[in-house]
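Thanks for coming, everyone. I have one structure for you today. Let me put it up.

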Amino acid sequence: MVLVQLNKEDFEYDIHSLVKAFYPSENVSVYTALKEVSEPVCLHIKVMYEPNHIRIELREWEGSQQERECATYEMQSGVTQKEFAVDDKNRKEKKNLLKQNLYQMLSVYTGRSLPWGTLTGIRPTKIPMAMLEEGRDFLEIADYMEQTYSASREKISLSIEIAQREAQLLHKLDVKNGYSLYIGIPFCPSTCLYCSFTSFPISKWKKRVDQYLDALEKEMDEMAQLFSDKYVNTIYIGGGTPTTLEPVQLERLLSALEHKFDLSRLLEFTVEAGRPDSINREKLEALRKHGISRISINPQTMKQETLNLIGRQHTVEQTTDSFQLARNMGFDNINMDLIMGLPEETFDDVRHTLAMVKELDPDSVTVHSLALKRAARLQMFKEDYAGLKMVNTQKHLDAAAEVCANMGMEPYYLYRQKNMAGNFENVGYAKDGKAGIYNVLIMEEIQSVIALGAGAITKRVHSDGQIERCENVKDVALYMEKINEMIQRKRKLFLSENKTTGSRFT
């Protein structure tokens, strides 16, 4: 455990995220008043806020020797202390200075640097994107990100390169008159060991799927009426696994979308067919019939032992068979997701997966670094999986980038998550003209997204950049029971005035 003691509440989330990046396998607890602890303590950090200055202390835990058994590093002088001036009236600058100094102290103490430095948010490309819009050049942006956030030159270059491509994709959207639509299908064949998304086993819900679609269509009707003077730019059907629906149910869902919404200016329509064992010819025919332009068939790995371990019930052969079936049926924009840092996978296993993916030659590949969320079984039942090795390095990501480049792909979007293996990132690679617009949109948040279904999160983006959200309940039964309440939440969100500009969305 790492204890962080503050003399008053301020920047708790930022401090927790940064310390956790240095100590990914430890519990990090942030307190304003030190509490009794029942587990070994690696490090005790004190952050003292005083008028226009901050003092940070790194101390070895002053408890028993047994309580210090998990200490990873030797403290040279017993106490490391740093005090620096801040402007209490400038919160952004104050936060950056706090994180810079804490980062430098932890970096020296642990002998480690983090690839993204002090950047702990999920959207690092927002920084270069904003600076590019201001007319800043590459070197100016790179210097700023290095000095302000201590990010590595490699990650800075990657973020600027991707920001430039994201800007080109986002120019296709009609921010004023258009919106995007997300449809959540929260059913899966099984729950993966690392998954924290809202999903329910299709085996238990099979008899109630049509009832779920009833509620979903009711939500569609209301939103189509509310946005009757606007049109859809992109549609993304995710989950869960949308292709757990039967062919007739997919047909029903897609027909309803076509009949209820203005799709005349649709730029992209994506359906996640993520689990290879959920795909068959009839389902793919339903997608083709409705002009679906983009699907995702996700192996995660091509090592069967890993698939068995993480709870994915498909085989490697089903992945290749499903991909080839979709390709032969005319799908020309197929994405594949891969995960680096899966339990017990070696670098050779990753190279084997990359070689098989290269042989299939998808149109885009998303390379994820494993992120363990609190709701994932791998995190909730740590003691059951304590012996599993999970390794992700820059070498892994470089190998993936090289294979994607050999397939004619370039990086086009990037995001990060908390507790990522190696403190790295997720990167989407795509061939020319095959980049996923919705993927970029959901990261850069420049257009409103109407999200329907259990657990879906709607975002209203105001003309001044202000963002408001409303969430549907995650539980499927509760979503169906309270569908009218879910609809009213959205109506309230979009019919209310912007607090800043006084304008309404519709």
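One definition before we start. Buried means under 20% relative accessible area, exposed means over 50%, and partly exposed is what lies in between. Apply that to Glu344. Its relative accessible area is 36%, so Glu344 is partly exposed. Keep in mind that this is a predicted model.

Stay with Glu344 for a moment. Its phi is positive, about 70°, although Glu344 is not a glycine. Where is Glu344? In the loop between β12, residues 334-340, and α12, residues 347-360.

There is another residue of this kind. Glu445 has a positive phi of about 55°, and Glu445 is not a glycine either. Glu445 is found in the loop between α15, residues 437-444, and β16, residues 449-452. Is Glu445 buried or exposed? At 10% relative accessibility, Glu445 counts as buried.

One more backbone point. The peptide bond from Gly239 to Gly240 is cis, with omega near 10°. Gly240 lies in the loop between β9, residues 231-239, and α8, residues 247-260.

Look at helix α1, residues 12-22. Eight of its 11 residues are buried, so the rest of the structure largely encloses α1. Which ones are buried? Asp14, Ile15, Ser17, Leu18, Val19, Lys20, Ala21 and Phe22.

With 15% relative accessibility, Gln5 counts as buried. The Gln5 side chain makes a polar contact with the side chain of His44, at 3.2 Å.

Next, a helix pair. Two packed helices are described by the angle between their axes and the distance between the axes. Take α5, residues 153-170, and α15. Their axes come within 10 Å and cross at roughly 105°. The range for roughly perpendicular is 65 to 115 degrees. α5 and α15 are therefore roughly perpendicular to each other. Which residues make the contact? From α5, Glu166, Leu169 and Leu170. From α15, Ile437, Val440, Leu441 and Glu444.

On to the aromatics. A pair of rings is described by the distance of the centres and the angle of the planes. How many aromatic pairs does a search of the whole structure find? The search finds 12. One of them is Phe187 with Tyr212, edge-to-face, 5.4 Å centre to centre, with 80° between the planes. This pair links distant parts of the chain. Phe187 sits in strand β7, residues 187-188, and Tyr212 in helix α7, residues 209-226, 25 residues apart. Both Phe187 and Tyr212 are buried.

Phe200 and Trp205 also form an edge-to-face pair. Here the centres are 5.8 Å apart, and the planes make an angle of 70°. Phe200 and Trp205 are both buried. Now put the rings together. Ring pairs link Phe187, Phe200, Trp205, Tyr212 and Tyr479 into a cluster.

Last item: charges over rings. The charged end of Arg288 sits over the ring of Phe331, 5.3 Å from its centre. The charged end of Lys395 sits over the ring of Phe347, 4.4 Å from its centre.

That is my tour. Over to you.

How values were computed:
Residues numbered from 1 in each chain as written. Heavy atoms only, no water. Buried < 20%, exposed > 50% of the residue type's maximum accessible area, 1.4 Å probe, protein only. Helix = DSSP H or I, 4+ residues; strand = E, 2+ residues; numbered from the N terminus. Phe/Tyr/Trp six-rings, centres within 6.5 Å; stacked < 30°, edge-to-face > 60°. Lys NZ or Arg CZ within 6 Å of the ring centre and 35° of its normal. Polar contact = N/O pair within 3.5 Å; in protein donor to acceptor, adjacent residues only side chain to side chain. Axes fitted to C-alpha atoms, helices over the stretch in contact; angles between N-to-C directions. Parallel < 35°, antiparallel > 145°, perpendicular 65-115°, else oblique. Contact = heavy atoms within 4.5 Å.
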